[in-house]
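Biologist: Hi, I'm new to this one. Could you walk me through it?

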Amino acid sequence: MIFRQLFERESSTYTYLLADAVTHQALLIDPVKSELPAYQQLLRELGLTLERVLETHIHADHITAAGSLREATGCKTMLGQPTVSTCVSETFREGDRIAVGDLALQALYTPGHTNDSYCFLLEDGGRHLLFSGDTLLIRGTGRTDFQNGDAAAQYRSLQRLLALPEDTVVYPGHDYKGWTSSTIAEEKAHNPRLQVADEAAYVRQMANLKLPNPKWMDVAVPANRACGEE
Ligand code: FE2
């Protein structure tokens, strides 16, 4: 497998490039529009054909490169159901297998941060990799106060992720401190948001965060509904 973790500085977003090392078919998870030239360069230099662009959810803090990549490469763009996207090529739902060459990602519906939030689980030679979007962050969790966020639903989604094998490697959608990956065991033990007794305590914790809205929210959400093309 070819694997790259790419970083966009302004919104501290991680984008993941995964490709079948034999067939050179590739997919990108959560690409950012401003990084389009870098993705195109990397795909070209590694000799990869981009087949799919997957989003973990509709983002509020950056504009997706999905539409531009589709235009440039003919790839399919994908979001999970339910979605308000008006232009996505295909949707997926809980349990779906999304394949590119020999790679197969399993879609896990993990609502809470938004009601369209998914994680992707990849098994690679006995290893488990979890692309956790903004559901599970390193020592944090995604906020639940807009885009149909729901702290109780997120608590239940997180319980599901915490039941994965402990050595599952967690690759989040963002990190604001430069941490690149974690594991389920590590997050269970050290993620402060997860050290709560029950769902009600988690909901109280999330209600007390009182975070300012993301800088780009009013621009990014409508643009991302339109695949980043507005
Ligand atoms: Fe998000």
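Here are a few questions and answers about it.

Modeller: First, this is a predicted model: local features need pLDDT of at least 70, side-chain atom pairs count only at pLDDT 80 or more, and totals for chains, interfaces and linings use all residues. Residues are numbered from 1 along each chain as its sequence is written, and side-chain values use heavy atoms, leaving out hydrogens and water.

Biologist: Which residues are the protein donors of the iron ion?

Modeller: Donors are N, O and S atoms within 2.8 Å of the metal (3.2 Å for Na, K and Ca), and water is not among the atoms, so sites may look incomplete. Here the protein donors lie 2.1 to 2.3 Å from the iron ion. They are His57 (NE2), His113 (NE2) and Asp134 (OD).

Biologist: Is His57 buried or exposed?

Modeller: Buried means under 20% relative accessible area, exposed over 50%, partly exposed in between (1.4 Å probe, protein chains only). His57 has a relative accessible area of 1%, so it counts as buried.

Biologist: What is the bridge partner of Gln5 in E2?

Modeller: E1 and strand E2 (residues 13–19) pair in the antiparallel sense, over 7 bridges. Within E2, the partner of Gln5 is Tyr16.

Note on methods: Pairing = 2+ DSSP bridges. Helix = DSSP H or I, 4+ residues; strand = E, 2+ residues; numbered from the N terminus.
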